[in-house]
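Biologist: Hi, I have a new structure open and would like a quick tour. Could you walk me through it?

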Amino acid sequence: GTAEWRVQAWTPAGYGLWTAVVAVTVSIAPPEAATLIAPSGAAGSTAPLFRWASAANSTYYYVRAYDASGLRVDTWLTPSQAGCVSGGVCTLNAGVALHSGAGTWEVLAWNPSGYSPWSYPMAFVIP
């Protein structure tokens, strides 16, 4: 965003004049696409833990997952909620049992500058 600042000097003799206002603009690039980790292939559980590598400068992540019945995970979460404020691996326990069969999932990252590209979808199989 944009901010403005100026400076006023002070000595024991008193205050000086204020400087002219200077505008400063801080731009943060939109996040890069997240890299998915798991589930991939055989999920091993009907309630897999979704894990992905954090994307720098992300304010929110949108996670969606489809199982054999359709869209089952559809949620936004912060890096704090995903346990990846300092980077590293983000996780989501979606709290939903997925239906047996093939599925896919993907992640989108967002910050006030814009959206990342979608992650490359990852396929999994629920037993």
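**A first look at the strands**

Modeller: Happy to! Let's start with β8 and β9, which form a hairpin with 2 residues between them. Strands here are DSSP runs of E with at least two residues, helices are runs of H or I with at least four residues, and both are numbered from the N terminus. Keep in mind that this is a predicted model, where local features need pLDDT of at least 70, side-chain atom pairs count only at pLDDT 80 or more, and totals for chains, interfaces and linings use all residues. Residues are numbered from 1 along each chain as its sequence is written, and side-chain values use heavy atoms, leaving out hydrogens and water.

Biologist: Over how many bridges do β8 and β9 pair?

Modeller: Over 7 bridges, in the antiparallel sense, with β9 covering residues 70-77. Two strands pair if DSSP finds at least two bridges between them.

Biologist: And which residue of β9 stands opposite tyrosine 66?

Modeller: That is leucine 71. Tyrosine 66 also has a bridge partner in β11, namely threonine 104. Strand β8 (residues 60-67) pairs with strand β11 (residues 101-111) over 7 bridges, in the antiparallel sense.

Biologist: What holds paired strands together, in general?

Modeller: Strands of a sheet pair through backbone hydrogen bonds, either parallel or antiparallel.

Biologist: Switching to the open sheet, what is its strand order?

Modeller: The order is β5-β7-β10, 3 strands with antiparallel pairing. At the edges are β5 (35-38) and β10 (89-93), each pairing on one side only. From one strand to the next, the twist averages 30°, an angle between N-to-C directions that can run from 0 to 180 degrees, with axes being lines fitted to C-alpha atoms.

Biologist: How many bridges join β5 and β7?

Modeller: There are 3 bridges, again antiparallel, and β7 spans residues 49-53. Threonine 35 stands opposite alanine 53 of β7.

Biologist: Zooming out, how many helices and strands does the protein have?

Modeller: There is 1 helix and there are 13 strands. The radius of gyration, taken over C-alpha atoms, is 22 Å, well over the 14 Å that the globule rule (2.2 Å times the number of residues to the power 0.38) gives for 127 residues, so the protein is more spread out than a compact globule. Its C-alpha atoms fill a box of roughly 80 × 25 × 20 Å along the principal axes.

Biologist: What share of the residues is buried?

Modeller: Of the 127 residues, 29% count as buried, meaning under 20% relative accessible area with a 1.4 Å probe, protein chains only.

Key: Buried means under 20% relative accessible area, exposed over 50%, partly exposed in between (1.4 Å probe, protein chains only).
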